[in-house]
Amino acid sequence: MQSDPPRIRCSDSEREEARRALHDAAGEGRLTIDEIEARLVDLEGVRFRDELAAITVDLPEPAPTVTGGGWFAILTSVRRQLAADTSVLLGRVPPDRDRGGGDRRAHAAHRSRCRDGARIRPRRLRATR
């Protein structure tokens with residue numbers, strides 16, 4: 001005779017994942033307000049993983065979240081923003097030009113301020129007493 005495998009208790013984080021899946025499903029229109037309320041009440045009484053799975057069994061698996069590499073993505077974003085700000089401060093790019101090609105008039109005005117393609121350096125600030 002085979003004995004049933006032991007039931008595994010679910011953790012608070014597993015319940016939170018199920019709660020998030022229910023809210024996402026409601027946001028996508030997969031569950032009505034009454035259905036989500038009933039399932040959230042049932043979720044509070046869940047102790048085991050098989051009971052937890054029964055609450056979300058008819059919902060699709062959540063899409064895998066792709067992280068941009070943690071710190072690498074953050075540092076890459078900071079580097080890009082710093083390069084863009086430095087370009088504006090050095091007069092290489094007009095400040096109101098967006099990445100999609102920008103405002104042609106602003107770009108033309110910027111070019112007219114530059115003589116022969118040379119950069120115009122900002123004036124030095126003088127300390128006041």
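Buried residues account for 17% of the 129 residues in the protein. The model is a predicted one. It contains five helices and zero strands, so that the order of elements from the N terminus reads α-α-α-α-α. Of the contacts between residues at least 6 apart in sequence, 53% link residues at least 24 apart.

**Packing of α1 against α2**

- Helix α1, residues 12-27, packs with helix α2, residues 33-44, at an angle of about 180°, and the two axes lie 11 Å apart.
- Because an angle over 145 degrees counts as roughly antiparallel, α1 is roughly antiparallel to α2.
- On the α1 side, the contact is formed by Arg15, Ala18, Arg19, Leu22, His23 and Ala26.
- On the α2 side, the contributing residues are Ile36, Arg39, Leu40, Leu43 and Glu44.
- Classed by residue type, this contact of α1 with α2 comprises six nonpolar, one polar and four charged residues.

**Helix α2: length and faces**

- The 12 residues of α2 should span 16 Å at 1.5 Å a residue, and the end C-alpha atoms are 17 Å apart, which agrees.
- Ile36, Arg39 and Leu43 of α2 are buried.
- Viewed down the axis of α2, these buried residues fall within an arc of 65° and therefore line one face of the helix.
- Ile36, Arg39 and Leu43 also belong to the contact with α1.
- The cover over the buried residues of α2 includes α1 and α3, the latter spanning 49-56.
- Ile33, Asp34, Val41 and Glu44 are exposed on the other side of α2.

**The loop between α1 and α2**

- Arg30 is located in the loop that lies between α1 and α2.
- With residues up to four places away in sequence left out, Arg30 touches Ala25, Glu35 and Pro60.
- The C-alpha atom of Arg30 is separated by 7.9 Å from that of Leu59, although the two residues are 29 residues apart along the chain.

- Helix α4 covers residues 71-89, and at 1.5 Å a residue its 19 residues should span 27 Å.
- The end C-alpha atoms of α4 are 27 Å apart, which agrees with that expectation.

How values were computed: Residues are numbered from 1 along each chain as its sequence is written. This is a predicted model: local features need pLDDT of at least 70, side-chain atom pairs count only at pLDDT 80 or more; totals for chains, interfaces and linings use all residues. Side-chain values use heavy atoms; hydrogens and water are left out. Axes are lines fitted to C-alpha atoms, for helices over the stretch in contact, and angles run from 0 to 180 degrees between N-to-C directions. Helices (H or I, at least four residues) and strands (E, at least two) are DSSP runs, numbered from the N terminus. Angles under 35 degrees count as roughly parallel, over 145 as roughly antiparallel, 65 to 115 as roughly perpendicular and the rest as oblique. Contact means heavy atoms within 4.5 Å. Ala, Val, Leu, Ile, Met, Phe, Trp, Tyr, Cys and Pro count as nonpolar, Asp, Glu, Lys and Arg as charged, and the others, Gly among them, as polar. The expected span of a helix is 1.5 Å times one less than its number of residues. Buried means under 20% relative accessible area, exposed over 50%, partly exposed in between (1.4 Å probe, protein chains only). The arc is that of the directions from the helix axis to the C-beta atoms.
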